[in-house]
Amino acid sequence: MNERQRRTMGAPSVETPACAFCGRRAQSRHHVVPRSQGGEGGPTVTVCGAGNESGCHGLLHSHRLHLDWRGGRWVWLATDEPTKEDAALAMDGWRELKTWRGGREGANGEGCGFACSLCGFMCDVPAPNFCPNCGAKMVG
């Protein structure tokens, strides 16, 4: 386990009904520090994708989506090509991870124009097709 992974082990997990990156329905949990490197019992993040090959879970495992604990908050970066951790950490464009709380306030409390026709979940995903909370069709 490297120093960054040791620091990350003390960070909180992100447990939401929606993928922490794209807002689609969460299907699994990603271990931020790989279990094979001592991450068992460490923080996890709910993500879309079945197994390690599809959705945002697949992007994390293919090193095209990166996650880091900085200044008491989770941040993430998407890359077009697989990118080694050290190179990704040096890049610009890191964004704060959304919590996708749902409810009438919208994701992270921002106002938004999309509401689920079934459960009322509101989010700021640009033109979502399906609710990240319950899977029903979203209406604008």
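The legends below describe close-up views of a predicted model.

Residues are numbered from 1 along each chain as its sequence is written. Local features need pLDDT of at least 70 and side-chain atom pairs count only at pLDDT 80 or more, while totals for chains, interfaces and linings use all residues; side-chain values use heavy atoms, with hydrogens and water left out.

**View 1. The fold of the protein.** Three helices and eight strands make up the secondary structure; helices (H or I, at least four residues) and strands (E, at least two) are DSSP runs, numbered from the N terminus. Along the sequence the pattern is α-β-β-α-β-β-α-β-β-β-β. The protein has 140 residues, and 41% of them count as buried, where buried means under 20% relative accessible area, exposed over 50%, and partly exposed in between (1.4 Å probe, protein chains only).

**View 2. The aromatic pair of phenylalanine 21 and tryptophan 76.** The whole structure holds two aromatic pairs. In the pair shown here, the ring centres of phenylalanine 21 and tryptophan 76 are 5.7 Å apart and the planes meet at 85°, so the pair is edge-to-face. Rings of Phe, Tyr and Trp (its six-membered ring) pair if their centres lie within 6.5 Å; planes under 30 degrees apart count as stacked, over 60 as edge-to-face and the rest as tilted. Phenylalanine 21 lies in the loop between helix H1 (3-8) and strand E1 (28-31), and tryptophan 76 in strand E4 (residues 73-78), 55 residues apart. Phenylalanine 21 is buried at a relative accessible area of 9%, and tryptophan 76 is buried at 10% relative accessibility.

**View 3. Arginine 70 and tryptophan 94.** Arginine 70 lies over the face of tryptophan 94, 4.3 Å from the ring centre. A charge sits over a ring if NZ of Lys or CZ of Arg is within 6 Å of the ring centre and within 35 degrees of the ring normal.

**View 4. Histidine 63.** This residue is in the loop between H2 and E3. Histidine 63 is not a glycine, yet its phi is positive, at about 65°. Most residues other than glycine have a negative phi. With a relative accessibility of 45%, histidine 63 counts as partly exposed.
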